[in-house]
Amino acid sequence: MDKKFSSIDEYFMHEAIKEAKKALRKGEVPVGAVIVYNGQIVGRGYNLRESKKNPISHAEMIAIEKAAKKLKGWRLCNCTLYVTLEPCIMCFGAILNSRISRLVYGTENREEGFTQFVNIRDYKKWKDIEIISGIKKDVCESLLKEFFKDMRSSRS
């Protein structure tokens, strides 16, 4: 998971951050995602678990579903997923199953991120996906900190 990102990666991560801000405005954990194919966004999503009362309404799952619909197929080969927070194990499974070629995420998910549960070097198939972390990390972290700080203060 090297830091090999370009200005194009920064642009699309900014788009994912816009999605995360939509979640924040709705009182959802601010995670946003976009899927890019041939330089175009083909799927967008942000967390909607609370709004939809659905445990799988994660930003990545929503973006994957929209991209598959737009591209008229479940195989998202040659697509890049940009997401503000390291995907959970459920979302990482969906990323692998949809054949996404590249995953770029902003900040680590130290409690529920897939890297807490799997060692990607141990599974040959996973070597086909390029994984890059740390792009716009400070912005992604600050959105999460803002959300949880506001949540704690509203409980007081």
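A residue is called buried when its relative accessible area is under 20%, exposed when over 50%, and partly exposed in between (1.4 Å probe, protein chains only). The structure is a predicted model, in which local features need pLDDT of at least 70 and side-chain atom pairs count only at pLDDT 80 or more, while totals for chains, interfaces and linings use all residues. Residues are numbered from 1 along each chain as its sequence is written, and side-chain values use heavy atoms, with hydrogens and water left out.

Of the 156 residues in the chain, 46% are buried. The chain contains five helices and five strands, taken as DSSP runs (helices H or I, at least four residues; strands E, at least two) and numbered from the N terminus. Their order along the sequence is α-β-β-α-α-β-α-β-β-α. With contact defined as heavy atoms within 4.5 Å, 61% of the contacts between residues at least 6 apart in sequence join residues at least 24 apart.

A nonpolar core is a set of buried Ala, Val, Leu, Ile, Met, Phe, Trp, Tyr and Cys residues joined through side-chain atoms within 4.5 Å. The largest such core comprises 25 residues, and I35, L76 and L103 have the most contacts inside it. Two or more residues each are given to this core by strand 1 (32-37), helix 3 (59-71), strand 3 (79-85), helix 4 (89-97) and strand 4 (102-107). Helix 3 supplies the largest share, five residues. Beyond four places in sequence, the contacts of I35 include A63, I64 and A67, as well as L76, L81 and I100. A separate core of 13 residues has I17, A20, V34 and V104 among its members.

The "binding site" annotation in an unreviewed UniProt entry covers H58, C88 and C91; UniProt positions are given in the numbering used here, feature names are shortened, and annotations may be inferred rather than shown by experiment. These residues span 34 residues in sequence, yet no two of their C-alpha atoms are more than 9.3 Å apart, so they gather at one spot. H58, C88 and C91 are included in the lining of the largest pocket. A pocket is an open set of points on a 1 Å grid over the protein atoms alone, where a 1.4 Å probe fits, with protein on both sides within 12 Å along at least five of seven lines; lining residues have an atom within 4 Å of a point.

C88 is located in the loop between strand 3 and helix 4 and is buried at 12% relative accessible area. C91 belongs to helix 4 and is buried at 0%; with residues up to four places away not counted, C91 touches H58, E60 and M61.

N47 occupies the loop between strand 2 (40-46) and helix 2 (49-52), and its relative accessibility of 9% makes it buried. The N47 side chain reaches the backbone nitrogen of A59 at 3.0 Å.

Five aromatic pairs are present, where rings of Phe, Tyr and Trp (its six-membered ring) pair if their centres lie within 6.5 Å, with planes under 30 degrees apart counted as stacked, over 60 as edge-to-face and the rest as tilted. Y105 and F114 form an edge-to-face pair, at 6.3 Å centre to centre and 80° between the planes. Y105 is buried at 2% relative accessible area, and F114 is buried at 0%. One aromatic cluster consists of Y11, F12 and Y82.

Notes. Polar contact = N/O pair within 3.5 Å; in protein donor to acceptor, adjacent residues only side chain to side chain.
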